[in-house]
Amino acid sequence: MRITEKVVAASVFAMLAGCSLFGSKDTKNQPAPLVELKNPSLSPKVVWKYSLGKAGNAVFTPALAGDSIYVADADGVLVRLDAATGKEVWRVKTGVDLTAGVGSDGEVVVVGGVKGQILAYDINGKQLWKAQASSEVLSSPEAGGGMVVVRSVDNQITGYDAKTGAKKWNVARTTPALTLRNAPGMVINGQNAYIAQPGGKLVVLNLAGGLQRFEVVVGEPRGATELERVTDIAGTPVVFEKDVCAVSYQGRVACFDATTGAPHWSKPTSSDKGVAVDQRFVFVSDDKGEVGAYSRENGANAWKNDKLSYRVLSTPVSYGRTVAVGDYQGYIHFLSREDGALIGRVATDGSPIQADPIIAGTNLIFQTQSGTVTALAVE
């Protein structure tokens with residue numbers, strides 16, 4: 001991958017060509033071939049599909065709000081879909097190339113433009129306001145509690161009034177010399193915004209005024225070189241009941257008390273994706289393509305599946321009795337939630353799946369880099 005000051009420019013294609021994360025050739029790390037599932041115990045059904053434009057170098061994660069799903073593409077198209085049927089409710093052209101989105105709380109829908117523009121729409125597709133971030137925005141804006149929170153690549157975190165776009169607060173965070181060029185996620189829960197950070201940190205801000213509630217360390221930088229010390233949280237933290245869980249690159253997967261930041265447990269791992277959390281487990285797809293399950297209570301290793309090694313996996317999702325994850329060829333793999341065995345597979349359009357999957361009712365939603373939005377169900 002290309003390395004620049006302040007940013008390590010991520011390249012999925014370098015990994016697919018047999019390179020390691022930072023570009024050195026390694027013939028050992030070839031993507032595992034797909035193994036035929038002779039007697040799959042799961043038969044996922046495609047409920048609906050919808051096609052929009054490509055994501056380009058950005059990653060667009062669908063947003064679920066109420067009974068609608070909001071999706072976007074790099075050419076500036078923003079779409080509202082009926083979550084159950086995939087029927088298009090409205091489609092607007094924002095007029096700018098997009099790099100981030102979508103964020104929605106069911107009242108406002110927000111995306112980020114290539115030059116740092118922040119565009120907000122109401123649920124009928126009418127533009128409400130436009131703001132300007134301090135630099136490029138790769139992380140999806142997050143909406144909730146009457147606020148929109150935006151993080152730009154210079155690590156400026158800004159809170160806007162969701163109705164008017166008025167800037168309410170700004171927090172400037174330091175950035176390590178080298179970071180992954182990715183889209184560290186945010187989540188709003190109650191009156192707190194949980195924001196993934198470079199350097200393996202997770203910061204929690206008060207939504208109303210931007211004051212820091214607490215900060216926790218998910219992964220501590222180690223090593224003699226700047227490359228060895230890259231330990232960014234790349235995915236979106238998950239708040240589940242009283243826990244907040246996250247994973248970092250070259251660091252750890254960890255869970256903390258969501259109110260105080262008190263540590264519950266942590267385990268060494270490395271991932272440039274996010275985590276999935278359910279009542280019993282925390283799931284991680286690591287940078288080697290292995291999917292692992294950890295006890296949510298104490299972090300004990302429940303199982304690990306290495307059959308998808310180096311297939312550049314997406315963030316996993318806990319879905320019924322399965323754990324689903326996408327790969328670089330657009331396949332969606334279903335693993336047993338209990339023991340990690342591969343039990344089903346679905347092909348999409350052949351392009352990488354990098355966006356976080358979401359669950360909408362009984363449907364599981366994936367969006368590929370070529371713009372295919374697929375809703376799946378398991379009978």
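Me: Why is strand 19 largely enclosed by the rest of the structure?

Reply: This is a predicted model, and in it strand 19, which covers residues 243-247, counts as largely enclosed because 5 of its 5 residues are buried. Buried here means that a residue has under 20% relative accessible area.

Me: What does strand 18 do next to strand 19, in terms of pairing?

Reply: Strand 18, made of residues 238-240, pairs with strand 19 in the antiparallel sense, and the pairing runs over 3 bridges. Within that pairing, Val239 stands opposite Val244 of strand 19. The two strands form a hairpin with 2 residues between them, and Glu241 in the turn has a positive phi of about 55 degrees.

Me: OK, and how many bridges link strand 19 and strand 20?

Reply: There are 5 bridges between strand 19 and strand 20, the latter being residues 251-257, and this pairing is antiparallel. One of the facing pairs is Asp243, which stands opposite Asp257 in strand 20. Strand 19 and strand 20 also form a hairpin, with 3 residues between them, and in its turn Gln250 has a positive phi of about 50 degrees.

Me: Which residues of strand 31 are on which side?

Reply: Asn363, Ile365 and Gln367 lie on one side, with Leu364 and Phe366 on the other, and both faces are covered, as all of these residues are buried.

Me: In what sense do strand 30 and strand 31 pair, parallel or antiparallel?

Reply: They pair in the antiparallel sense over 3 bridges, strand 30 being residues 358-360, and Ile358 stands opposite Ile365 in strand 31. Strand 30 and strand 31 form a hairpin with 2 residues between them, where Gly361 in the turn has a positive phi of about 65 degrees.

Me: What about strand 31 and strand 32, how many bridges there?

Reply: Strand 31 and strand 32 (residues 372-378) are joined by 4 bridges, again with antiparallel pairing. In strand 32, Val373 is the bridge partner of Gln367, and Thr374 is the bridge partner of Phe366. This hairpin has 4 residues between its strands, and Gly371 in the turn has a positive phi of about 100 degrees.

Me: In what order do the strands of that sheet come?

Reply: The order is 1-32-31-30, which makes an open sheet of 4 strands with antiparallel pairing. Its edge strands are strand 1 (44-51) and strand 30, each of which pairs on one side only. From one strand to the next, the twist averages 30 degrees.

Me: Last topic, then: how many cavities of 30 Å³ or more turn up?

Reply: Searching the whole structure gives 1 cavity of 30 Å³ or more, and the largest cavity has a volume of about 30 Å³.

Me: Which residues line the largest cavity?

Reply: The lining consists of Pro33, Leu34, Val35, Lys307, Leu308, Leu342 and Arg345. Sorted by class, that lining has 5 nonpolar, no polar and 2 charged residues.

Definitions and conventions:
Residues numbered from 1 in each chain as written. Predicted model: local features only at pLDDT ≥ 70, side-chain atom pairs only at ≥ 80, totals over all residues. Heavy atoms only, no water. 1 Å grid on protein atoms, 1.4 Å probe; cavity = no way out; pocket = protein on both sides within 12 Å on 5 of 7 lines; lining within 4 Å. Points joined across faces, edges and corners; volume = space filled by probe spheres on them. Nonpolar A, V, L, I, M, F, W, Y, C, P; charged D, E, K, R; others polar. Buried < 20%, exposed > 50% of the residue type's maximum accessible area, 1.4 Å probe, protein only. Pairing = 2+ DSSP bridges. Axes fitted to C-alpha atoms, helices over the stretch in contact; angles between N-to-C directions.
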